[in-house]
Amino acid sequence: MTARLPCLLIAAWIPAAVAAPRTFVIDGNASSATAHVGKTGIGSFAGHEHTVVAQTIQGEVVLDPEELSRSSVDLIVNARSLRVGEEGEPEGDAPKVQQVMRGPGVLDVARHGTIGFRSVEVTGKRIAPSSYDLTVVGELTLHGVTKAFTVPVRLEAHGDTLSATGRMVVKQTDFGIEPTSAAGGLVRVENEVVLTFRMEARTAP
């Protein structure tokens, strides 16, 4: 009986070890987050839309496949790294739009240098051996204001790598940002900004 005891302890420990949450570190080079800024107003036919790309993304994801409620996500975007894409912009306009976006009238990156998202609850289900449909409830901090958001996420986990995709809609005015306008107010950007993301992560060393 004494000889069998260590074996029984090991057998009991193995399932717990397998089911333990795993921590994945965001791969900023492989991840992307994009904001689509539309146009509105009676003169919107003469305006143009903008695509904003986040170039610096950091953070980590904790995944517990056996108990999804023990999973979490914590992301930080460097607001100073946000770039306005050239595609769809009149020649030479992207840098000007980018300057306004980063300036005190919009994101004010000199005062609010980061954009963050931290989960407070994760629910969902496994839809395939390595795929999950999740609902992530969390707090988005933008322009110095924190608001609750619920984000649907499709997550794929394969060995030491993880990828997650999702979409959310943010109202600028909810974060104290007044949508910019031009032509005496005849053209202005839409209040609602569509954010899409694809996060790639690898297990922490």
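Residues are numbered from 1 along each chain as its sequence is written, and side-chain values use heavy atoms, with hydrogens and water left out. In this predicted model, local features need pLDDT of at least 70 and side-chain atom pairs count only at pLDDT 80 or more, whereas totals for chains, interfaces and linings use all residues.

Strand 5 covers residues 72-78. Strands, like helices, are DSSP runs numbered from the N terminus (helices: H or I, at least four residues; strands: E, at least two). In a regular strand the side chains alternate between the two faces of the sheet. Along strand 5, Val73, Leu75 and Val77 point to one face and are buried.

Within strand 7, Ile115 is the bridge partner of Val77.

The structure holds eight salt bridges, each defined as a side-chain nitrogen of Lys or Arg within 4 Å of a carboxyl oxygen of Asp or Glu. One of them connects Asp74 and Arg118, with an N to O distance of 3.2 Å. Because Asp74 belongs to strand 5 and Arg118 to strand 7, this pair ties together parts that are 44 residues apart in sequence. Asp74 is partly exposed at 25% relative accessibility, and Arg118 is partly exposed at 49%.

A salt bridge also forms between Asp160 and Arg22, whose closest N and O atoms are 2.9 Å apart. Asp160 lies in the loop between strand 9 (145-158) and strand 10 (161-171), while Arg22 lies in strand 1 (residues 22-26), so the pair ties together parts that are 138 residues apart in sequence. The relative accessible area is 47% for Asp160, which is partly exposed, and 34% for Arg22, also partly exposed.

The side chains of Arg154 and Asp133 form a further salt bridge (2.5 Å, N to O). This pair links strand 9, which contains Arg154, to strand 8 (residues 131-142), which contains Asp133, across 21 residues. Arg154 is partly exposed at 37% relative accessibility, as is Asp133 at 27%.

Terms used
Buried < 20%, exposed > 50% of the residue type's maximum accessible area, 1.4 Å probe, protein only. Pairing = 2+ DSSP bridges.
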